[in-house]
Amino acid sequence: MFRYIVRRLLQMILTFFGATFVVFALMFANQDDPIQALVGEKTASDSLRAALTERYHLDEGFLTQYWYYMKGLLTGDLGKSLTGRDISEMLADAWPVTIRLAILAILIAAAIAVTTGVYAGIRRGGLFDNGTLLMTLLLLAMPIVVLAPLAQLVFAMELRWFPATTTKNATLYELLLPALVLATTVIATQLRVTRTSVVENLRADYVRTARAKGLAPRRVTWVHVLRNSLIPVVTLIGVDLGVLMSGAIVTEEVFNIPGVGFNLARGIRTEDGPLVVGFVSVLVIIFLIVNLAVDLLYAALDPRIRYE
Amino acid sequence: MSDPNLITVAEAPDVSGRSRSLAGDAWADLRRNKIFWVSAVLVVVILLMAFLPSLFTSADPGACALSNKHKGPTGSAIFGYDFQGCDVFARTIYGTRASIEVGVLSTLMAGVLGLVFGLSAGYFGGTTDAVLSRLTDIMLGVPFLLGAVVFSGRLSGSEDDGVWAVTLTLGVLTWTSAARVMRSSVIAVKSQDYVAAGRMLGASPGRLMFRHILPNSMASFIVVLTILLGTNIAAEATLSYLGVGLKGDAVSWGLQIAEAQDYARIAAHPLIWPSIFLAATVLAFIMLGDAIRDAFDPKLR
Amino acid sequence: MPGKRPWKMAAGAAAISLLVAGCGGGDSDDASANSNTIVIGIAEPEHLLPTNATDDSGSQVLSSLFYPLVNFNSQQEPVEVAAESITPDKANRVWTIKLKPGFTFHNGEPVTAQNYIDAWNYGAYGPNAQTGGYFFERIDGYAEMNPLDPDKDGPQKPPTPKTNELSGLEKVNDLTFTVKLSAPFSSFESVLAYSVFHPLPKAAFSAPGVIAEGFEDQIIGNGPFKLKGKWEHDNEVVVEKVSDFKGQVPKIDGITWKIYQDEQTQYADLVSGNVDVQMNIPIEALSKASADLGTRFQMSENSGFDFIGFPTYESEFSKPEVRKAISMAINREEISDQIFLGSRIPAKSFVSPVVRGYRENICGEACEYNPVEAKRLYDKNGGPEEIKITYNVDGGHKAWVDATCNQIKASLGVNCTGSPEPKFSVLQQKARAHEPIGLIRLGWIMDYPLMENYLGPLYSTNGSSNHYGWSNSNFDRLLKQGAQAPTPEAAIKKWQQAEDILVQEMPVIPLRFMQNVYGYSEKVQNVEMDLFKKVDLYEIETIA
């Protein structure tokens, strides 16, 4: 087990460099004219263009730019955004609120998906099952660009249950509506997968054995079936982090949360390479750690899986 | 959506050594299944709408006049008019094609990629798993927005309508979740008794992989794919919102939804109709997938 | 509202239980603690250093922190504010600027001529890469501070300028300095109102020509408000009244410039009363704005101008008749009413009504909707079968471009499609490279209220925003004669002659003039916005 973790940690370093390289390459490919993005629709003067090109090495080749970036990164310098702000400072400003938002969304999604999914699975084909199916489909049919403003319109502006916007220092109550919206992006998949796993596992031999043994049905369902059904769901929660982050781009914009998603969107829009790569680097690290944790969870959930 | 399942299992007609083939059993099962028939008919109708839209409406989806802005239903335009004064019914019918093409093709692509990566990683384990899983991690690390802007923006020529660019982009960006789910199912199935038994009996790795492990790992995978179909149809709207989606005078549900959303407070009908069609399409595919999977699942017999 | 309370309680309970579970939350800010302060919504400013703050939000915040040299009266004529007098020599080439005495910066430093010279030198120096640097290009010595890159985008680096001081600036005494222009310009005083011409205190510089680290986040100005705390990026900029301000004293005690990422979001907050002034209500919210806000929903003119440029380098659009036919195929009134709900005004001239010298409806019948005549003219002159209008999606142009295309389709019987590009820079590059992108959606907001600020950048051969490549030597000549004319009135005559050429040639289709479309909460009154899209901070007041 210990050796497995060490090996994974070593692989992580490679993955980290791989991911930052890919993102850097994508940003490079996406770079049309970051200087123009700075001046809006007016035209950048030649001397402004020359000076900024020089300052951000914009006329250098891809590998040279990557080298400059990595050199900075390894000495702990994430560089400056094209608007001249320290990226490390921007990271420190943006992460806390997004992490709270993401955790809240994951908790909401998992809580709803697992309980509803298990019930739907047990009563397969029943009214509850079909009802949840329809509900999830309606959510699926709404891309988040539609869902987020609609939720704001209905729950904040018309019904006034929640504040319409929040800030960097949002309270949990203020974050609840954005988190709910964000949760809907992953709830459908989690719910369907839970339901399917439960249906599968209910027919498994060990359930029959447990029932034959005379165990209480409730115990069979909530202990044996649930535990075995959680494996694919747990995997999804790891993957969903990525989905959540892309959903966060829209959610944060709509609810005015100056977090990671917002900064990423801005960086991509203004072709701000250092900014995007800086944020993605942290994102990738979190991502890798979560996925390692997920893999370790498999072993905990399923005693038959062993890592060596 | 259940094609991989269908093929692999159908090619192994007598896994259980029964007199009737599994496919034959499945068909007998399906014939009696009401849900199968409902969803199959729905899918056929949707495909007809996609490829023969003129069967359903004689109106031109491109004929729009601002004087009709947000008008309610009339005799010819039974769903009313949208913000630009276009016939919502005609546009919804004509939008089926691009939406279905993008949704089905990108999901197929994601499915194939996910199957190959997930099955190999889960089955072989060790170095293969490490390499493939880390590749998946790297892909997952790329923010969807960035990938979408770069891939779709670069892939689409200035002349075409962008269906291919959008399909490829969504395929490339969404296979990772399918792969990870596949891998975890394979890992779980691999340690089951019947696989161990098969191995001890001297079954070849290929036979183990395709006849024992794969069919038993498909359940979650298919669910993820059917949902992916829905989200990919909807994701086309997100791409359009970012300006890297369908181009020119293309019509699609995603474009309709994205446009109508801004005016939801004033006129809801241009938003509701394409959303209903989108939901019904996804529902049809999910039900069809469920029915077919149930019919083929050896554990259900 | 039935059903409201149980939900809220359930939500609250969930929040509390999560709080207990160790998922801590921060405090919400209480901006409205002081009743005579207001909240105005902006976007995150790109910069707050005056010479680098050319975006709307940045210059709006600066209008509270700084006191400008000049401002404009209702006839758009310059009036001295921080300046005592601004006088040209006979040739309109050397301008003497005298400052009013007694003004100080927020840190107590007196405002002197040297503060202006230091700030302008910093802004004009090429390697400092200030986005507002081009405002100084009329001043003698600008060229030496901004040497041209010998091979443009090539590997060679531009030479380092030999000097970092504008030779045209000269200090006479503590309150007087002279500005020598590289060519005579009778309307120079109008240019000086822009925010790049604000002074900087000595404290701004850590060494001569070097801005101190962190100064921008704690900027010190000479205006009626001073920064309270720091610029909280992506969150807010809070300013409070300077206690003994020598100039015009505002009626409010402070402003929280609240930063929004999205205008629809900001509108949600305006309706809920969390923001007092929204300076730009998005068109999606317009149809409900009267119902939501009543008389607190207002419009006033500004300098914005929407138009479509023809790729005149392409043979199919080389005939003025074809260009006029397309212009006549467009029903401007219908688009203004239906798409913009009256928030933009149909344009039938090539400069905005806000500048002196504007003539109403100068475009004549070429800008009148006349589908029959349009089709006749178009067919007679062999207009193309396919028309494409390229636009950038990041500016919300899809709706009107689609509507315009639908009108062209209906009027001319040809196919017309809107072609989206993700960003304006892509559109600009493709146009400059003469790629076949068809008609180009363009827009302009003036820097200073002169006809020349439309005619020069938009239509002259080397105009900075002439992306569509039209060129006419007569036009260029008249423009130059206007700039060097002895009086502003004589200048306007020449510029109007230049505009007449545009009417004949129709290199662009004028579409709409923009307006400020703003709204405010029940807490404030006397809210007015100027041509530069700024709220008048001296008139606005809270309702006690």
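## Overall form of chain C

The radius of gyration is taken here over C-alpha atoms, and the globule rule used for comparison is 2.2 Å times the number of residues to the power 0.38. In this predicted model, chain C has a radius of gyration of 25 Å, which agrees with the value near 24 Å that a compact globule of 544 residues would have. Along the principal axes, the C-alpha trace of chain C spans about 75 × 70 × 50 Å.

Chain C contains 15 helices and 21 strands, and buried residues account for 50% of its 544 residues. Of the contacts in chain C between residues at least 6 apart in sequence, 66% join residues that are at least 24 apart.

## Domains of chain C

The domain assignment divides out domain 1 of chain C, covering 68-210, and domain 2 of chain C, covering 301-515. Taken over C-alpha atoms, the centres of these two domains are separated by 33 Å.

Where the two domains of chain C meet, twelve residues of domain 1 are in contact with 14 residues of domain 2. The side of domain 1 of chain C that touches domain 2 consists of seven nonpolar and five polar residues, with no charged ones.

## Contact between chains A and B

Between these chains, 48 residues of chain B are in contact with 52 residues of chain A. Several helices of chain B each supply at least two residues to the side that touches chain A, among them α5 (126-141), α7 (163-190) and α11 (269-296), while α9(B) gives the most, with twelve residues. By class, this side of chain B has 29 nonpolar, 13 polar and six charged residues.

Definitions and conventions: Residues are numbered from 1 along each chain as its sequence is written. Chains are lettered from A and ligands numbered from 1 in the order in which they are written. This is a predicted model: local features need pLDDT of at least 70, side-chain atom pairs count only at pLDDT 80 or more; totals for chains, interfaces and linings use all residues. Helices (H or I, at least four residues) and strands (E, at least two) are DSSP runs, numbered from the N terminus. A residue is buried if 20 or more other C-beta atoms lie within 10 Å of its own, exposed if 12 or fewer, and partly exposed in between; C-beta atoms are placed from the backbone. Two residues are in contact if their C-beta atoms, placed from the backbone, lie within 7 Å. Domain bounds come from an automatic or database domain assignment. Ala, Val, Leu, Ile, Met, Phe, Trp, Tyr, Cys and Pro count as nonpolar, Asp, Glu, Lys and Arg as charged, and the others, Gly among them, as polar.
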